[in-house]
Amino acid sequence: MELKEINLVGSFTVLKEPILPVAELLNNIQSFMDNIDPSLKLELAQKAEEKNFYPQFLYMTQEAGITDIDGNYLIAELCLTIPGFKIIRLHENFCGLFWSFCYFVYYTYTVLYEAKVKDPNFDGKIKFQSNDDYNAYNVWQFGKLLKYTKSLWPPIYPNPYNNNETTRNANGLFTYGIIFILLHEIGHLVNNHLEKKDMERIDKEKEADFFAIEKCIRSKAPVLKTIENGAVLAMIALCLLDSTGGKGNEWYPNTEDRLTTLLVSMNLKEDDITWLIAAYGLIIWLTEYRMPEVGISSIETPKEYYEKVLKHFK
């Protein structure tokens, strides 16, 4: 297993050339995190002294996909190293999967939203017709394979280097989504969850969620909508890649609780596009669980559409 370091106190150091192109986007994490909370680097530097915390994220690369020997998905985690340091690890294959998810969700959103604007009777079902449609779908199919094994990114598929609107938006969603996930792990750190042996695991997860939500949603950054949408897609990924498939147990809250808590905290209007981003994200991910197609012809607002999708998920 190889490591790359994301230094939150100093500069970003690449220890090896990336195999998956998403690694290049990690250079954005430093500056983008400053958009959310400029004081966070100083806070983490203090935690490094107070809590024996290694003030860098380690970017883990491995050939075996993102599942461990127990079948749990490797996304990001706060862990204790052998010398006794706390460290946050982020897994490369998950990043590849998550970028492909962000790309397909944003592409789907733009195609379906434009179709609905042009035709009020549009039923909301995805119809693959153009090469762009199939490329967006195929890059998501490739991303899902990274759950099981590493593979070279097919050059014919969309990737973070493409200079077009969909890619730029996918890159923004990806970067802020990864920041949300890392903030969740920082929430475990600042709340001393490794030391709190008697605290229920599900309460630790809720507390870490709250920390990440507060940092992201209370941000004054001019790109707040991208931050919100990235956080929503990250929460969907966290929910549906936990060991319960988003259904929840004594360790993890269920998808409805976690995702709806995040959305409600944003104080969104009923016609806000973030409800649609959440709905499309759920639909795309949940096709793996044979979720039926959900039309929008009888839906009046994006919030109602999200609620209809959530009922199917239940």
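A residue is called buried here when its relative accessible area is under 20%. By that cut-off, 56% of the 314 residues in the chain are buried. The model is predicted.

**Whole chain**

Start with the cartoon view. Now trace the elements from the N terminus: the order is β-α-α-β-β-β-α-α-α-α-α-α-α-α. Contacts come next. Take those between residues at least 6 apart in sequence: 72% of them join residues at least 24 apart. The chain exposes about 14,400 Å². Carbon and sulfur atoms supply 51% of that area.

**Stop 1: His184**

Select helix H5, residues 165-190, and pick out His184 within it. Is His184 buried or exposed? Its relative accessibility is 2%, so His184 counts as buried. Which residues does His184 touch, leaving aside its neighbours within four places in sequence? Show Glu205, Ala208, Asp209, Ala212 and Arg258: His184 is in contact with each of these. Keep Glu205 on screen for the next stop.

**Stop 2: Arg201 and Glu205**

Move to helix H6, residues 201-217. The side chains of Arg201 and Glu205 form a salt bridge here, with 3.2 Å from N to O. The two residues are 4 apart in the helix, so about one helical turn separates them. Arg201 has a relative accessible area of 29%, so it is partly exposed. Glu205 is at 5%, which means it counts as buried.

**Stop 3: the Lys225 network**

Select Lys225, Glu228 and Asp272 together. What links these three residues? They are joined in a network of salt bridges. Side chains of opposite charge can pair when their charged atoms come close.

Take the pairs one at a time. Lys225 meets Glu228 in a salt bridge of 2.8 Å, N to O. Both sit in helix H7, residues 224-240. They are 3 residues apart, so the separation is about one helical turn. Lys225 is partly exposed, because its relative accessible area is 29%. Glu228 has 5% and is therefore buried.

Now turn to the other pair. The side chains of Lys225 and Asp272 also meet in a salt bridge, again at 2.8 Å, N to O. This pair links distant parts of the chain: Lys225 is in helix H7, while Asp272 is in the loop between H8 and H9, 47 residues apart. Asp272 has 17% relative accessibility, so it counts as buried.

How many salt bridges does a search of the whole structure find? It finds 5.

**Stop 4**

Compare Asp272, which counts as buried at 17%.

Key: Residues numbered from 1 in each chain as written. Predicted model: local features only at pLDDT ≥ 70, side-chain atom pairs only at ≥ 80, totals over all residues. Heavy atoms only, no water. Buried < 20%, exposed > 50% of the residue type's maximum accessible area, 1.4 Å probe, protein only. Contact = heavy atoms within 4.5 Å. Areas by Shrake-Rupley, 256 points an atom, 1.4 Å probe, with all protein chains shown as cover. Salt bridge = Lys/Arg side-chain N within 4 Å of Asp/Glu carboxyl O.
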